[in-house]
Amino acid sequence: MIPDLHDKLRLELIIESPALRRAEDILSEANVHGWTVLPAISGFDGRRRWSRGTDISTATDMVVLICVGDENILLPLLSKLHTLLKRHIGVLDIMKVQVLRDAEF
Amino acid sequence: MLDTLLSPVVLFFALGAFAALLRSPMSVPQSFAKGLAIYLMMAIGLKGGVEMSQTAFSGQVFAVFGVAIVLSFGLPLIAYAALRKSSGLSRTDAAATAGHYGSISIVTFVAAIEALRLAGLPSSGYLIAIAAIMETPAIVTALWLALRGQKTDADAPALDRGELGREILLNASIVVLIGGLVIGFIAGKDGFVRLEPFFVAPFQGILCLFMLDMGLNAGRGLRRGWRALGLAPIAFGLYMPLIGASIAAALSLAIRLPAGDMALLMVLSGSASYIAVPAAMRLALPQSDPSVYLTLSLGVTFPFNIAFGIPLYIATAVWLSGAFG
């Protein structure tokens, strides 16, 4: 038997590590239930390749922030995140997903 | 100079740089490299603290602290003027880059301590505290240079001074260096004896391993970033260390610093940050281009100092001390 699935939005923000806290502040001010941060290893930004540095400041690292939640919570955040991305290195995408446990989001 | 160039520390750095320039897939795992950096900073912090516990503070020590603060605040002004006149960099990029050249590279400093040890030239432990102090004032000057007279961008997120302050004053290198220094000072020579098997004997080998990683980073940065830089900024990355070191030498002579300490102050003034300042610039001046200042500090100035700068500064300090000291 297939359990019930629930429609949600998934926000995926790839952003430079020093700006992560600012992105997290935006989510937490909007009472987002939870998110996960993953390290980004390497990539290409259209001009040059980049890869995760080894210095202890992590100033050059990129991270991926993943957040799944209700449309009415996540969509209003987009303008603030857009403003953040005008200043900091990063990209944002959003997609429709389905989750198993509605109450978790 | 040849002895320094052919020392294992420099040769491992060169190996890493050549491997990266030749696109070798070799890499040092990130967490391991970060652990190495913390080990090195802890080791020199502790050793400096132990040496400080054996030394009486004189007026000269306070004079060096004063000179260091003046250098860190002042060098970005010269760097900024040079960059704006010669390189065509925007005001923000020039200011952010200038901040790197007023601050210091702790790895260059560690390599210089080793070079001094090889040369048999003594230096004072409190220079480690000087290194930590010189990390920060340059950031203030760089922000002033970038933001003076500019209208606030209504679209920009407000600058969180607490967040920036934490990054400037509590970044990893300052916490580990100053922490190690204080712990070494409290432990003294007797307390340090038990730590010697971990912090003294393996130090050289671990420094070689770390320099291999630094070589990889520098080579990779240069390979990816040099085209975007242009000749004038690359030239700046080579002559600015000499300007900083020369000013430090003149000030060191004025306060009659011994040759070893003068050489280290020249190294600090001639080096460019790649830990504290990039992080602060990403927070305070996110519109600045990190590929400019990181390529310059890590890909141009750092290798220059490791291969040529350090032996040159040591030889100059010895000569100046002999001629005018």
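A residue is called buried when its relative accessible area is under 20%, exposed when this is over 50%, and partly exposed in between, with a 1.4 Å probe and protein chains only. This is a predicted model, in which local features need pLDDT of at least 70 and side-chain atom pairs count only at pLDDT 80 or more, while totals for chains, interfaces and linings use all residues. Residues are numbered from 1 along each chain as its sequence is written, chains are lettered from A and ligands numbered from 1 in the order in which they are written, and side-chain values use heavy atoms, with hydrogens and water left out.

## A serine in a loop

B:Ser271 counts as buried because its relative accessibility is 0%. The loop that holds B:Ser271 runs between helix H14 (259–270) and helix H15 (276–284) of chain B, where helices (H or I, at least four residues) are DSSP runs numbered from the N terminus. Contact means heavy atoms within 4.5 Å, and, apart from residues up to four places away in sequence, B:Ser271 touches several residues, including B:His100, B:Thr108 and B:Asn305.

## A tyrosine in a helix

B:Tyr293 belongs to helix H16 (residues 290–324) of chain B, and B:Tyr293 is likewise buried, because its relative accessibility is 0%. Among the residues in contact with B:Tyr293, leaving aside neighbours within four places in sequence, are B:Ala96, B:His100 and B:Met281.

## What covers H13(B)

The buried residues of H13(B) include B:Pro233, B:Gly244 and B:Ser252, and their cover includes H14 and H16 of chain B. Just after H13(B), B:Arg256 takes a positive phi of about 55 degrees.

How values were computed. Helices (H or I, at least four residues) and strands (E, at least two) are DSSP runs, numbered from the N terminus.
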